Amino acid sequence: MTNANSNTNAAAPLSRMADPSRLVPEMNDVSAALFRATGNRSVPRTTIGLVHLRAAQIVHNTYLTVLNTGFLRKAGETEERITAVSSWQDAPYFTPAERAALALVEAVLQPAPQGKERVSDELYAQAAEHYDEKALATLTIAIGQINFFIALALIGKPAPVASLADRQWD
């Protein structure tokens, strides 16, 4: 008797859909605009990478987790910091500004306690202590950016890759 769930050597495609950018080429313009908006240097690229990795972890998406881990490694982040993103609250590796950014993405992506706002005035004030208006707007756009990709990743289920140069869509 064979186990239907056994791991075989046959490489089964993981993607549920074809590359959305081939189907809807305008998506490339949206993606490029988001990368330009978050690349204005008002927020360190590594902070945005940490925020994107935490978002991927929150939604339990392997594609985005592997991809953003690869981006952080390429940027020179340490394995300790990358690994500790999932438990950043008690990890000693993050600056107060990074902690505020991670708290902000968690508030946006996780359900709010009953009767409470997801992003409270206190949390906004905490983030504003570390980021000026342009940086806070950029950080907000970075959270929106990862949400754009979360929908594609959760629905389309592309193959996990460590680089956008690798083929992720069937």
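**Salt bridges**

I searched the whole structure for salt bridges and found four. I counted one wherever a side-chain nitrogen of Lys or Arg lies within 4 Å of a carboxyl oxygen of Asp or Glu. Side chains of opposite charge can pair when their charged atoms come close.

Some ground rules for my notes. This is a predicted model, so local features need pLDDT of at least 70 and side-chain atom pairs count only at pLDDT 80 or more, while totals for chains, interfaces and linings use all residues. Residues are numbered from 1 along each chain as its sequence is written, and side-chain values use heavy atoms, with hydrogens and water left out.

I looked up Glu-106 next. Glu-106 forms a salt bridge with Arg-54, and their closest N and O atoms are 2.7 Å apart. The pair links distant parts of the chain: Glu-106 sits in helix α6 (residues 96–109) and Arg-54 in helix α3 (residues 45–58), 52 residues apart. I take helices as DSSP runs of H or I with at least four residues, numbered from the N terminus; strands are E runs of at least two.

Are these two residues buried or exposed? Glu-106 is buried, and Arg-54 is buried too. Buried means under 20% relative accessible area, exposed means over 50%, and partly exposed lies in between (1.4 Å probe, protein chains only).

I then checked Arg-73. Arg-73 pairs with Glu-79 in a salt bridge, with 2.6 Å between the closest N and O atoms. Arg-73 counts as partly exposed because its relative accessibility is 44%. Glu-79 is also partly exposed, at 38%.

Glu-77 came next. Its side chain meets that of Arg-81 in a salt bridge, at 2.4 Å from N to O. Both Glu-77 and Arg-81 are buried. Shared partners join Glu-77, Arg-81 and Glu-98 into one salt-bridge network.

**Aromatic pairs**

I turned to the rings and counted two aromatic pairs. Rings of Phe, Tyr and Trp (its six-membered ring) pair if their centres lie within 6.5 Å; planes under 30 degrees apart are stacked, over 60 edge-to-face, and the rest tilted.

Phe-35 and Phe-149 form a tilted pair, 6.1 Å centre to centre with 45° between the planes. Phe-35 lies in helix α2 (residues 26–38) and Phe-149 in helix α8 (residues 133–156), so this pair ties together parts 114 residues apart in sequence. Phe-35 is partly exposed at 34% relative accessible area. Phe-149 is buried at 18%.

Phe-148 and Phe-149 pair edge-to-face, 5.0 Å centre to centre and 85° between the planes. Phe-148 is partly exposed, at 26%.

Which residues do the ring pairs link into a cluster? I noted Phe-35, Phe-148 and Phe-149.
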